[in-house]
Amino acid sequence: MKKRIFSGVQPTGIPTIGNYVGAMKHFVDLQDEYDCIYCVVDQHAITVPQNPTVLKEQTRSLAALYIALGIDPKKSTLFIQSEVPAHSQAAWIALCNVGIGELERMTQYKDKSAKQETVSAGLLCYPPLMAVDIALYDTHVVPVGDDQKQHIELTRDFVNRFNSRYGQGQDLLVLPEPLIQSSGARVMSLQDPTKKMSKSDSNQKSYVLLLDEPSVIRKKIKSAVTDSSGLVYYDKENKPGVSNLLTIFSVFSGRSIQDLEQEYREAGYGKFKTDLAETIISVLEPIQERYNALLHSQELDRILDEGAKRANDIANETLKRMEKAIGLGR
């Protein structure tokens, strides 16, 4: 029996090629090895103010993009978090078993609350919701980046505490392990290659979105920061811009950086950038075609309906187990 993976992504805008390289591409690769459950976590998105119409659109858009990228509904379960009520029900149980001090120490809470005049209780309390997102599916493995390590640690603390308090010698909840993609490529900003590529960057030239049109991609790659030497080779410290472009080229072409260096070292930045842009476009165009076909289709609704049904079946069983253990209900 395959081990189970759970991963959730917030529907807060179109992902960048950095999100694709750093996480979403791996989600596709993991399907053959694990029983994968992927969730569009729209309830997490409302910890900060959202436009209701835009949130609905982005939730559907992200689900369509997951499938267009290669998430296979026959191999994986894809669903929308708010369509499985057990998440919010189990989150209350988790909240009652997590200390305020633990929540106040969360780095993301401190970072986000420092930028907002008004802070919702949800912003403080969403880590227990994330913990039950994972625990409800008897998750064995959670793919996480460096910025999520603290959340998986809190999840593990909650699971251990719950099992200890209510398990009577049995493990009621599965203790998840982090899967850290430490060797994966890290895509940096096209305008400031010392910073990670981010869709929240105020400079739109700093990132390429998965749904950018070919003409936009060409312009963004053409304007990417390099240097004055004109030579294409990898040197992260002295040539961060060129090194970042080589990393992107390598991932999207499937070729080694050494191979690319040999071909483009003295070809000039113009040809190098032109070929890089066309390589990115060749990968993204079929994804965009599939996405556009899915977005307003009955096929997408059918996939999400089936995903919600399976997710509800699994999550409700775990929720019943949790409620019975702590004495809720008759």
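At what angle do helix α8 and helix α13 pack, and how far apart are their axes? Before answering, I note that I am working with a predicted model. I looked up the pair and found that α8, residues 149–166, packs against α13, residues 298–326, at an angle of about 50 degrees, with the axes 10 Å apart. That angle makes α8 oblique to α13, and I also noted that α8 passes α13 in a left-handed crossing.

Next I asked which residues meet where these two helices touch. From α8 I listed Phe-158, Phe-162 and Tyr-166, and from α13 I listed Met-322, Ala-325 and Ile-326. When I sorted this contact by class, I counted 6 nonpolar residues, with no polar and no charged ones.

**Entry on salt bridges**

I then turned to charged pairs, keeping in mind that side chains of opposite charge can pair when their charged atoms come close. The structure holds 18 salt bridges, and I followed up some of them.

One of them joins Asp-301 to Arg-60, where the closest N and O atoms are 2.9 Å apart. Because Asp-301 lies in helix α13 and Arg-60 in helix α3, this pair ties together parts that are 241 residues apart in sequence. For Asp-301 I read a relative accessible area of 33%, so the residue is partly exposed, and Arg-60, at 22% relative accessibility, counts as partly exposed too.

A further salt bridge brings together the side chains of Glu-102 and Arg-161, at 3.0 Å from N to O. I placed Glu-102 in helix α5, residues 100–104, and Arg-161 in helix α8, so that the pair links distant parts of the chain, 59 residues apart. Is Glu-102 buried or exposed? Its relative accessible area is 17%, which makes Glu-102 buried, whereas Arg-161 counts as partly exposed at 22% relative accessibility; the cut-off I needed here is that buried means under 20%.

I also looked up Glu-299 and Arg-290, whose side chains meet in a salt bridge at 3.0 Å, N to O. Glu-299 is partly exposed, with a relative accessible area of 30%, and Arg-290 is likewise partly exposed, at 32%. Finally for this entry, I recorded a network of salt bridges that links Arg-4, Asp-35 and Arg-310.

**Entry on helix α3**

Ser-61 counts as buried, because its relative accessibility is 15%. Leaving out residues up to four places away in sequence, I found that Ser-61 touches Tyr-291 and Leu-295.

Leu-65 also lies in helix α3, and I read a relative accessible area of 1% for Leu-65, so this residue is buried. Which residues does Leu-65 touch, not counting those up to four places away in sequence? I listed Pro-15, Leu-210, Leu-211, Ile-287 and Tyr-291 as the partners of Leu-65, and Tyr-291 is also among those touched by Ser-61.

Notes:
Residues numbered from 1 in each chain as written. Predicted model: local features only at pLDDT ≥ 70, side-chain atom pairs only at ≥ 80, totals over all residues. Heavy atoms only, no water. Axes fitted to C-alpha atoms, helices over the stretch in contact; angles between N-to-C directions. Helix = DSSP H or I, 4+ residues; strand = E, 2+ residues; numbered from the N terminus. Parallel < 35°, antiparallel > 145°, perpendicular 65-115°, else oblique. Left-handed = near helix turned anticlockwise from the far one by under 90°. Contact = heavy atoms within 4.5 Å. Nonpolar A, V, L, I, M, F, W, Y, C, P; charged D, E, K, R; others polar. Buried < 20%, exposed > 50% of the residue type's maximum accessible area, 1.4 Å probe, protein only. Salt bridge = Lys/Arg side-chain N within 4 Å of Asp/Glu carboxyl O.
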